[in-house]
Each structure stands twice: as structure tokens, then as C-alpha cells.
Amino acid sequence: MAELDETGRKLTLKLVYYGPALSGKTTNLMRLHDLLFPDLKGEIMALETQNDRTLFFDLLPLGFRTHADFLIKLKIYTVPGQVVHDSTRKAVLSRADGVVFVADSQLSQGVNNAESFQNLEENVRRVGLDFDTLPIVVQFNKRDLPNILSEEEIRRRWSAAPWTLVMASALTGAGVRETFVKLLEAAYPIMDKNFSLGDAHAMDMQSFINAVTGESIGKTD
């Protein structure tokens with residue numbers, strides 16, 4: 001859940017990239033960092049093992065100021081995909097305002113995707129969040145590789161699911177920004193309801209998205 005600091009005039013949102021090991025969560029953050037141009041963009045912080053898997057989490061801080069000089073800050077994390085680090089996954093997921101589930105499109109990764117998504121649902125509930133209302137976007141990554149599920153098959157399998165699906169190749173950047181924007185679109189109504197972004201800050205959904213992505217540099221200061 002977002003943290004409001006009225007004294008410091010700051011609202012902090014937490015977004016998490018979740019998914020099986022080596023599905024491309026860290027690569028998503030790296031490409032997202034390259035693609036976004038907000039006024040306040042920090043560096044990516046990563047803790048990695050020798051084989052380049054994210055051991056704990058990556059953190060990409062960014063933010064912007066509203067017309068009323070209120071700082072809206074986003075902290076974007078990835079979680080470790082390995083089962084052995086489940087306690088860390090729960091800690092990172094705690095108080096999340098939205099989640100991108102990064103699935104691996106390769107035919108061989110179906111079981112890993114399913115187990116990781118089930119783990120996401122279980123951990124969401126364990127940390128006290130409502131899985132049924134939590135903003136979630138599902139990204140099928142690695143669309144640039146051979147031997148992958150077709151988009152038609154993916155959409156057929158997920159046809160009954162309520163979450164937005166995005167096809168992506170984080171390595172090339174395709175679908176990375178679209179995934180992030182879809183998550184912002186899903187998260188905005190809850191943020192607006194809880195913190196009156198529209199009424200108190202004259203910030204409708206499109207203005208919010210433009211400010212976060214840097215599309216409105218010079219317009220929201």
C-alpha cells in the first residue's frame with residue numbers, strides 16, 4: 001500500500017516485477033530505466049550472484065512533482081526467482097501497489113511459469129494483500145526466441161483471466177514500456193480513490209502516466 005507523508009508532502013508507490021528465475025525481470029528494469037525520462041530518476045541498484053541471477057532485488061527509484069509541489073515517488077523492485085529465496089520475495093512484495101508477472105514464453109517453461117504464478121498468489125495473501133483487487137499485468141517475455149508458445153495459444157489459455165496480457169522481448173525493449181504503462185493504468189484508479197490525485201493534484205490518469213514516464217517534462221513542475 002502506498003505510503004503518504006503529509007509533513008514531507010510525499011507519496012511513495014511500490015511496484016514489483018515477479019516471476020520465475022531467468023524470466024527477464026531484471027532485464028525489464030534495465031530497459032525501463034533506459035526508456036523513461038522523468039525529472040527524478042535514480043540509478044538501478046542490483047545484488048546479483050556470479051551467474052547473474054538477481055539474489056535479492058533491483059530497485060529503480062523515480063518520481064515527479066505535482067502542480068501543488070507534492071512529490072510522487074515510485075520504487076520499482078524485482079524479486080528473486082529462485083524458490084530458496086521465497087522469504088525475500090515475500091518481504092519485497094509486502095505493501096506492493098501493483099505487480100508485473102514476467103512469464104517466460106519458451107515452451108519448456110510452462111511448469112515454472114505456473115508454479116511461480118501460484119507462488120505469487122500465495123505470497124500476496126500471506127503479506128496481507130487482496131489478490132482479487134491488486135493491480136496485476138502479465139507479461140510474456142522472450143518473444144524473440146525460437147520454440148515459444150504462440151500468442152494465440154497464450155491468449156487462449158489466459159482467456160478467462162482478468163489481467164492484461166502483454167507480449168514482450170525485454171532484451172530488445174519491445175513491450176517493456178507498454179507493460180509498465182498498463183500497470184500504471186491498473187493502479188491509478190486505486191491511487192486516485194485513496195489519495196485524490198485528480199481532485200487534490202489536478203492529475204487524471206493520462207497526466208499521471210505522462211509524468212511517471214517523462215512524457216510531460218516541463219509540464220508538471
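Leaving out neighbours within four places in sequence, phenylalanine 180 is in contact with Leu15, Tyr17, Leu32, Leu36, Leu74, Ile76, Val212 and Thr213. That is my way in. One caution before going on: this is a predicted model.

The largest nonpolar core has 34 residues. Which residues have the most contacts inside it? They are Leu74, Ile76, Phe180 and Phe208. Several elements supply at least two residues each. The strands are E2 (10–18), E5 (54–65), E6 (71–78) and E7 (98–104). The helices are H1, H5 (176–195) and H7 (205–213). H5 gives the most, with eight residues.

Next, helix H1, residues 25–35. Which of its residues are buried? Lys25, Thr26, Asn28, Leu29, Leu32 and His33. They cover an arc of only 155° around the axis, so they sit on the same side of H1.

Keep Asn28 in mind. Its side chain makes a polar contact with the side chain of glutamine 139, at 2.9 Å. Glutamine 139 lies in strand E8. Buried or exposed? Glutamine 139 has 0% relative accessibility, so it counts as buried. Now its surroundings, leaving out residues up to four places away in sequence. Glutamine 139 touches Asn28, Val100, Phe101, Val102, Ala103, Val166, Ala168, Gly175, Val176 and Thr179.

On to the rings. A pair of aromatic rings is described by the distance of the centres and the angle of the planes. How many aromatic pairs does the structure hold? Nine. I will show two, and tryptophan 158 is in both.

Take phenylalanine 117 with tryptophan 158. This pair is edge-to-face, 5.4 Å centre to centre, with 90° between the planes. Phenylalanine 117 is in helix H3 (residues 110–126). Tryptophan 158 is in the loop between helix H4 (151–157) and strand E9 (164–167). The two are 41 residues apart, and the pair links distant parts of the chain. Both residues are buried.

Now phenylalanine 140 with tryptophan 158. Again edge-to-face: 5.9 Å centre to centre, 80° between the planes. Phenylalanine 140 lies in strand E8 (residues 136–141) and tryptophan 158 in the loop between H4 and E9, so this pair ties together parts 18 residues apart in sequence. Phenylalanine 140 is buried, like tryptophan 158.

Step back to the cluster. Phe101, Phe117, Phe131, Phe140, Trp158 and Trp163 form one aromatic cluster.

Lysine 14 is over the face of tyrosine 77, at 5.1 Å from the ring centre. Lysine 41 is over the face of phenylalanine 37, at 5.6 Å from the ring centre.

Last, the backbone. Most residues other than glycine have a negative phi. Where are the exceptions I want to show? Arginine 9 has a positive phi of about 50°. Arginine 9 is in the loop between strand E1 (3–5) and E2. At 36% relative accessibility, it counts as partly exposed. Alanine 202 also has a positive phi of about 50°. Alanine 202 lies in the loop between helix H6 (197–201) and H7. At 56% relative accessibility, alanine 202 counts as exposed.

Key:
Residues are numbered from 1 along each chain as its sequence is written. This is a predicted model: local features need pLDDT of at least 70, side-chain atom pairs count only at pLDDT 80 or more; totals for chains, interfaces and linings use all residues. Side-chain values use heavy atoms; hydrogens and water are left out. Rings of Phe, Tyr and Trp (its six-membered ring) pair if their centres lie within 6.5 Å; planes under 30 degrees apart count as stacked, over 60 as edge-to-face and the rest as tilted. Helices (H or I, at least four residues) and strands (E, at least two) are DSSP runs, numbered from the N terminus. Buried means under 20% relative accessible area, exposed over 50%, partly exposed in between (1.4 Å probe, protein chains only). A charge sits over a ring if NZ of Lys or CZ of Arg is within 6 Å of the ring centre and within 35 degrees of the ring normal. The arc is that of the directions from the helix axis to the C-beta atoms. A nonpolar core is a set of buried Ala, Val, Leu, Ile, Met, Phe, Trp, Tyr and Cys residues joined through side-chain atoms within 4.5 Å. Contact means heavy atoms within 4.5 Å. A polar contact is a pair of N or O atoms within 3.5 Å; within protein, one must be able to donate a hydrogen and the other to accept it, and residues adjacent in sequence count only if both atoms are side-chain atoms.
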